[in-house]
Amino acid sequence: MDFQPVERSTGAFQQPLTAREIEEVSRRAFGPSAVVTSAVELGTGMYNNVYRLTLAGRPQPVILRVAPPESCQFRSEHQLMRNEYASQPWRAVIATLMPQVLVADWSHEVIARDWMIQTHLDGVPAPEHLGTYPRTAWPTFFRQMGAVTRSVHDVRGPHFGPVGGPGHGTWSEAVITSLEEIAADLDGAGLDAADVRKAAAVAARDRALLDQVTEPRLLTGDLWTVNALMDPAAPEPVITGVLDFDRTWFGDPAADWTIRMATAKEDERTAFWDSYGAPDRSPAAVWRARVYEARHLGAIRLERHRLAKADAVRDSYGAMAEVLAGLA
């Protein structure tokens, strides 16, 4: 086997599989005669370990994704891979853009981690390819992103909260629970969580504004340029695939990471709204957006801590203070 893992320190959050473990996973998935000829770890993801596998007799490579050990997972990120698997039937509206799951294994019989194998999507990651076009062409990309997001957000769900559960009967309950889980994770990481708890308290105080959202809609959880693939030969930007739906939720579309990123700057991304539709700018919606931003910032703080970015963790406190000032 041509084995190409990403070199990491022994204390890094992401720990690679061994060549033997990859062979054992492949035999579980494709039978005892399966032979892996190449296993290349892709370093683009920051949570799961991701490998492109080539197997003898299979014309196309496959993608192996391996979750971190459960002992390393934050409670606010518990069993994300299982959540993504549970959300696949709800994402049928964008099936032509998604990889298909070939095998998923939560048994921990082969390796002590959740894993799944998916089809390989052709295309180039958008962060690598979008910049090869003149900026005047970029709005085309963001209009497509808006159309994809709109189609996902039009899907109605049965409850509020993570697609794989636990489900909540009201949107306020789902949001407050999420904030409390993030605060508990920050405590466990030895970080100050007082501002996240304040955001949870404000959300609880004015929960009626959150509960104006009465219909759960499917949220992508993490969709933006980093999780999009593009046609490398197209004369203008064309999205050919979208990836990594492990953070899918049912809730208010305005709480989605995609909406947060679409509103982050007044640049080419404003074309997103041409296909998505105009955002709600009512006072209640603006207030809810601040609560959602507090949740995003808490999750970002955890990720920065996981990546050992101490300066970025410190910066998150100032950003959160500005959000809380608008919620007071």
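This is a predicted model: local features need pLDDT of at least 70, side-chain atom pairs count only at pLDDT 80 or more; totals for chains, interfaces and linings use all residues.
## Helix H6 against helix H10

Two packed helices are described by the angle between their axes and the distance between the axes. For helix H6, which spans residues 194–205, and helix H10, which spans residues 283–306, the axes come within 10 Å and cross at roughly 150°. Angles over 145 degrees count as roughly antiparallel, so H6 is roughly antiparallel to H10. The crossing of these two helices, H6 and H10, is left-handed.

On the H6 side, the contact is made by Asp195, Val196, Ala199, Val202 and Ala203, which meet Trp287, Val291, Ala294, Gly298 and Arg301 in H10. Sorted by class, the residues of this contact between H6 and H10 comprise seven nonpolar, one polar and two charged.

## Helix H5 against helix H6

Helix H6 also packs with helix H5, which covers residues 171–188; the axes of H5 and H6 come within 9 Å and cross at roughly 165°. That angle makes H5 roughly antiparallel to H6. The crossing of H5 and H6 is left-handed.

From H5, the residues Ile176, Leu179, Glu180, Ile182, Ala183, Ala184, Leu186 and Asp187 take part, and they meet Val196, Arg197, Ala199, Ala200, Ala203 and Ala204 in H6. This contact of H5 with H6 contains eleven nonpolar residues, no polar residues and three charged residues.

## The cavity

How many cavities of 30 Å³ or more does the structure hold? There is one. The largest cavity contains about 30 Å³ of space.

The lining of the largest cavity is formed by Glu84, Gln88, Arg91, Met98, Pro99, Gln118, Leu243, Asp244 and Phe245. By class, four of these lining residues are nonpolar, two are polar and three are charged.

## The second largest pocket

The second largest pocket holds about 780 Å³ of space. Its lining consists of 27 residues, and those nearest the centre of the pocket are Ala254, Ile259, Thr263, Asp280 and Ala289. Helix H8 (257–262), helix H9 (272–276) and H10 are the elements that each give two or more residues to this lining.

Which element gives the most to the lining of the second largest pocket? It is H10, with eight residues. In terms of class, the lining of the second largest pocket has 13 nonpolar, four polar and ten charged residues.

Notes:
Residues are numbered from 1 along each chain as its sequence is written. Side-chain values use heavy atoms; hydrogens and water are left out. Axes are lines fitted to C-alpha atoms, for helices over the stretch in contact, and angles run from 0 to 180 degrees between N-to-C directions. Helices (H or I, at least four residues) and strands (E, at least two) are DSSP runs, numbered from the N terminus. Angles under 35 degrees count as roughly parallel, over 145 as roughly antiparallel, 65 to 115 as roughly perpendicular and the rest as oblique. A crossing is left-handed if the near helix is turned anticlockwise from the far one by less than a right angle, and right-handed if clockwise. Contact means heavy atoms within 4.5 Å. Ala, Val, Leu, Ile, Met, Phe, Trp, Tyr, Cys and Pro count as nonpolar, Asp, Glu, Lys and Arg as charged, and the others, Gly among them, as polar. On a 1 Å grid over the protein atoms alone, a cavity is a set of points where a 1.4 Å probe fits but cannot get out, and a pocket is an open set with protein on both sides within 12 Å along at least five of seven lines; lining residues have an atom within 4 Å of a point. Grid points are joined across faces, edges and corners, and a volume is the space filled by probe spheres set on the points.
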